[in-house]
Amino acid sequence: MKFKGKVHKFGDNINTDEIIPARYLNTSDPAELARHCMEDADPKFVKKLEEGDIIVAGENFGCGSSREHAPIAIKAAGVSCVIAKSFARIFYRNAINIGLPILTSPSAAETLREGDTARVNASKGEIVKSGRTKVYKSEVFPGFIREIIKSGGLMEYAKSREEKKSAVKVKKKMKK
Amino acid sequence: MGYTITEKILLAHAQGVKDIAPGRFIKAGVDLCLGNDITSPIAIKEFRELGRDKVFNQKRIVLVPDHFTPAKDMKSANQAHMLKEFAGEFGIANYFEVGEMGVEHALIPERGLVLPGDLMIGADSHTCTHGALGAFATGVGSTDLAYAMAFGECWLKVPEAILVRFTGKPKKWVGGKDLILHAIADLGVSGALYKTLELAGDSMEYLSMDDRFSMCNMAIEAGAKNGIIAPDKTTEKYVKTVIRKYKPVRKSYKMLKSDKDASYAEVREYNVSKLEPVVAAPHLPSNGKPVSEFKNVKVDQVVIGSCTNGRISDIRQAAHVLKNRKVHPGTRLIVTPATQAIYKEAVREGYAETIIKSGGVFCTPSCGSCLGGHMGILAEGEVAVATTNRNFVGRMGHPKSFVYLSNPAVAAASAVKGKISHPSDL
């Protein structure tokens with residue numbers, strides 16, 4: 001998972017009400033949610049955004065509600081990944097569960113500025129500011145989580161598990 | 001080394017492990033999973049894509065259309081309808097239609113659906129409320145709910161714990177809301193990130209279940225994974241009453257407490273015997289200060305309700321303050337009891353009449369105004385005092401509106417004065 005994109009910088013405690021305000025939660029359509037992504041934090045965000053761009057934020061990104069609409073809006077808007085000093089925990093698991101790459105890296109979040117271009121290797125947990133060589137490391141996910149991400153999210157993981165199960169059943173039946 | 005109450009519950013529900021420690025990932029069986037009209041539609045869609053013909057357990061799933069209901073517009077109606085349709089098709093026992101419906105985190109304990117020692121997940125961040133019963137309860141996302149509805153399990157990282165000890169008897173007009181706002185002001189909005197907030201101390205003996213629910217409710221506002229209070233006599237009395245009244249399918253429960261040698265990442269102690277009511281200024285729940293520090297803050301709207309403070313003792317307190325008084329001209333007072341049972345009791349006890357006579361409105365249960373959904377949206381520049389849980393930018397309406405969080409008595413007093421006020425100022 002490698003990305004290259006322009007940095008859009010946000011501060012600490014960006015909450016889910018800013019990422020996708022509740023007034024738009026009467027739908028779960030990703031395209032519609034994407035149109036209002038980050039609206040109450042930066043009303044011009046969606047206009048400025050180009051496919052593959054990167055959100056860089058401070059502490060506790062995604063705090064507040066459990067709405068999965070928040071990572072869905074970010075992913076559907078075309079953001080390739082989010083780098084932050086830390087993530088709020090429900091946002092963190094939602095991002096993993098829907099397959100939005102997130103990287104916890106205080107040093108990268110500190111260094112990267114609005115308008116910078118960054119290169120990210122999410123599998124290795126490496127972030128580089130374009131034109132520089134210094135590599136900022138991010139926290140690497142434990143094996144359990146890597147398995148979910150590798151499957152493409154929790155439901156894909158569940159589907160492969162279902163398929164394995166039914167494959168076992170078929171084998172058993174064939175033995176009989 | 002001993003276990004915390006949270007670790008004990010997680011260990012009892014974890015699959016294939018004999019011990020447990022912070023940082024470990026586990027797959028845990030869930031006793032109860034929950035969704036609402038905002039989070040369930042995504043979960044239902046994902047569940048259907050899985051192609052299963054049944055849910056893991058029809059009695060352990062709770063679906064509550066409480067956020068935008070009674071439906072505020074067509075899209076919301078369609079979302080709520082998805083829950084009804086799904087519940088019918090899959091035989092979900094605990095689906096609550098408008099008329100029976102209440103704010104999920106008030107409704108579920110009231111019906112005895114979550115019990116001490118349980119492991120509960122909910123696709124709603126305030127699921128941590130139920131920790132007040134001595135259960136492990138945590139907010140998750142829609143995908144987690146879909147997975148739990150199918151398999152009855154959830155992946156969890158065992159959290160470290162922060163022990164918060166409250167000591168002393170709180171003064172008049174000071175309740176659970178003030179204690180937790182005080183703690184969050186100290187911890188900060190990410191002070192308990194990924195961690196358990198275990199609330200304890202001798203102040204607990206003065207706190208009702210309603211107070212305790214509002215404390216655990218706001219654990220998430222410090223970033224916590226779960227809030228939890230070890231069950232005691234107050235808890236057991238509450239649980240026995242609701243079991244008798246509603247006869248839930250599951251009736252057995254476990255009263256657990258942390259071992260004396262359990263380990264904590266941090267211990268904080270607050271003597272609350274001199275604490276004044278706390279008000280959290282915009283735009284973070286951690287901006288709590290004594291109410292007396294807020295001078296001449298004019299208030300356009302007062303909201304009393306929500307999963308934090310919409311229970312009967314909250315309505316009673318508000319009615320007590322409003323008795324024989326009038327809401328200030330130019331200020332709106334919106335009172336929303338959290339469940340139908342609370343609504344009925346408020347009518348029976350005359351609280352509803354007191355509130356209406358004072359010039360306030362008394363609404364049907366809904367989460368609406370708390371999250372800027374409906375039934376009380378703020379205009380640009382407007383100021384609200386709310387007994388809710390979040391005062392983020394745009395939370396209750398316009399991105400340039402302002403929300404102050406308080407307890408119900410301060411909220412009611414502020415409605416009377418038209419500015420942030422202490423109830424004893426009246």
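1. Buried here stands for 20 or more other C-beta atoms within 10 Å of the residue's own, exposed for 12 or fewer, and partly exposed for values in between, with C-beta atoms placed from the backbone. In a regular strand, side chains alternate between the two sheet faces.

2. A word on the basis. This is a predicted model, in which local features need pLDDT of at least 70, side-chain atom pairs count only at pLDDT 80 or more, and totals for chains, interfaces and linings use all residues. Residues are numbered from 1 along each chain as its sequence is written, while chains are lettered from A and ligands numbered from 1 in the order in which they are written. Helices (H or I, at least four residues) and strands (E, at least two) are DSSP runs, numbered from the N terminus.

3. S3(A) has partners. Strands pair if DSSP finds at least two bridges between them. Strand S2 (residues 54–57) of chain A pairs with S3(A) in the parallel sense, over four bridges. A:Val82 in S3(A) stands opposite A:Ile55. Strand S4 (residues 102–104) of chain A also pairs with S3(A) in the parallel sense, over three bridges. There, A:Ile102 is the bridge partner of A:Val82.

4. S2(A), helix H4 (residues 69–76) of chain A and S3(A) form a right-handed β-α-β unit. Right-handed means that, with the strands pointing away from the viewer, the path from the first strand over the helix to the second runs clockwise. From S3(A), the chain crosses through helix H5 (residues 89–98) of chain A to S4(A), again as a right-handed β-α-β crossover.

5. H4(A) is mostly covered, with seven of its eight residues buried. Among them are A:His69, A:Pro71 and A:Lys75. The cover includes helix H1 (16–19), helix H2 (30–34), S2, S3 and H5 of chain A. Just after H4(A), A:Gly78 has a positive phi of about 105 degrees.

6. Finally, the two chains meet. The contact (C-beta atoms, placed from the backbone, within 7 Å) takes 42 residues from chain B and 36 residues from chain A. On the side of chain B that touches chain A, helix H2 (40–50), helix H3 (74–90) and helix H5 (142–151) of chain B each supply at least two residues. H5(B) gives the most, six residues.

Key. Two residues are in contact if their C-beta atoms, placed from the backbone, lie within 7 Å.
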